[in-house]
Amino acid sequence: EPTGKYIKSWGSRGTEPGQFNIVHGIAIDLQGNVYVADEGNRRVQVFDGNGVFKTQWLNVGTPTAICITPGPRQYAYVAHTGDPDGMEDAAIHKVDLDGRIVGRFGRAGKQLKEFGLVNAIDCRNENELLIGELSNWRVQKLTLRPAK
C-alpha cells in the first residue's frame with residue numbers, strides 16, 4: 001500500500017521450495033508473479049502474488065540480480081556470478097518467463113562488456129540494459145542487438 005502498511009511476507013531459510021538462502025534480487029511480471037534470485041540455492045524461484053510457490057529455474061547458475069522487461073512479451077535478465085568476487089565466472093542470461101534460456105552473453109573481467117560481481121540490472125527496455133557491478137565499481141549501459 002502507498003501508506004507503507006505491512007501486507008504479507010513468506011519464506012524461511014532453507015533449500016526446499018519456498019525457502020531461501022541469500023536472496024539477491026526480486027522482480028514482478030505483468031501478471032503479478034514474483035521472481036526471486038535465490039543466490040545461495042543457485043536458482044530463481046517463482047511465486048504467485050500471494051506467495052504460493054509455482055516453479056523454480058535451476059539453469060541460471062548463481063543468480064545475483066534479476067529484472068523483467070516490460071511489454072506484451074516479457075523476458076527476465078538474470079546475472080550469474082560463479083565466484084565470490086565475480087572475476088572468474090560471470091554472464092547474463094536472457095530467459096523467457098517459462099524458464100527457457102533464450103540468450104547468454106558476457107564473461108568475467110574488467111573490460112567493456114565484461115562483468116565483475118553484478119549486483120543490479122535495469123531492463124526497462126528489452127534491448128537496453130544498465131548493469132551495476134560491485135567488483136568493478138561501475139555501471140555499464142549495454143545496447144543489445146535483437147536476434148535476426
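Colleague: In which order do the four strands of the open sheet that includes E5 stand?
Modeller: In this predicted model, four strands form an open sheet with antiparallel pairing. Their order is E5-E6-E7-E8.

Colleague: Why is one side of strand E5 (63-68) left without a neighbour in the sheet?
Modeller: Strand E5 (63-68) and strand E8 (101-105) stand at the edges of the sheet.

Colleague: Over which ring does the charged end of Lys94 sit?
Modeller: The charged end of Lys94 is 4.4 Å from the centre of the ring. That ring belongs to Tyr75.

Colleague: What is the bridge partner of Asp38 in E3?
Modeller: E2 and E3 run antiparallel and are joined by five bridges. In E3, the partner of Asp38 is Arg43.

Colleague: How many aromatic pairs are found in the whole structure, and how is the pair of Trp10 and Phe47 classed?
Modeller: The search finds five aromatic pairs. Trp10 and Phe47 lie 5.6 Å apart, centre to centre, with 50 degrees between the planes. Planes under 30 degrees apart count as stacked and over 60 as edge-to-face, so this pair falls in the remaining class, tilted.

Colleague: How many residues apart are Trp10 and Phe47?
Modeller: Trp10 is in the segment before strand E1 (23-28), while Phe47 is in strand E3 (residues 43-47). The pair links distant parts of the chain, and the separation is 37 residues.

Colleague: Is Phe47 buried or exposed?
Modeller: Trp10, its ring partner, has a relative accessible area of 29% and is partly exposed. Buried means under 20%. Phe47 is at 0% relative accessibility, so Phe47 counts as buried.

Colleague: Which residues do ring pairs link into a cluster?
Modeller: Trp10 and Phe47 form an aromatic pair, and both belong to the cluster. The linked residues are Trp10, Phe20, Phe47 and Phe53.

Colleague: What is the geometry of the pair Tyr35 and Trp57?
Modeller: Tyr35 is in strand E2 (residues 34-38) and Trp57 in strand E4 (residues 53-57), 22 residues apart. Tyr35 is buried at 2% relative accessible area, and Trp57 is buried at 3%. The ring centres are 5.6 Å apart and the planes stand at 50 degrees, so the pair is tilted.

Colleague: Which residue in E12 is the bridge partner of Ala120?
Modeller: Strand E11 (residues 118-125) and strand E12 (residues 128-133) pair in the antiparallel sense over five bridges. They form a hairpin with two residues between them. The partner of Ala120 in E12 is Gly132.

Colleague: In the hairpin of E12 and E13, which residue takes a positive phi?
Modeller: E12 and strand E13 (residues 138-143) run antiparallel and are joined by six bridges, with Ile131 opposite Gln140 in E13. The hairpin has four residues between the strands. The residue with a positive phi, near 50 degrees, is Trp137.

How values were computed. Residues are numbered from 1 along each chain as its sequence is written. This is a predicted model: local features need pLDDT of at least 70, side-chain atom pairs count only at pLDDT 80 or more; totals for chains, interfaces and linings use all residues. Side-chain values use heavy atoms; hydrogens and water are left out. Two strands pair if DSSP finds at least two bridges between them. Rings of Phe, Tyr and Trp (its six-membered ring) pair if their centres lie within 6.5 Å; planes under 30 degrees apart count as stacked, over 60 as edge-to-face and the rest as tilted. Buried means under 20% relative accessible area, exposed over 50%, partly exposed in between (1.4 Å probe, protein chains only). A charge sits over a ring if NZ of Lys or CZ of Arg is within 6 Å of the ring centre and within 35 degrees of the ring normal.
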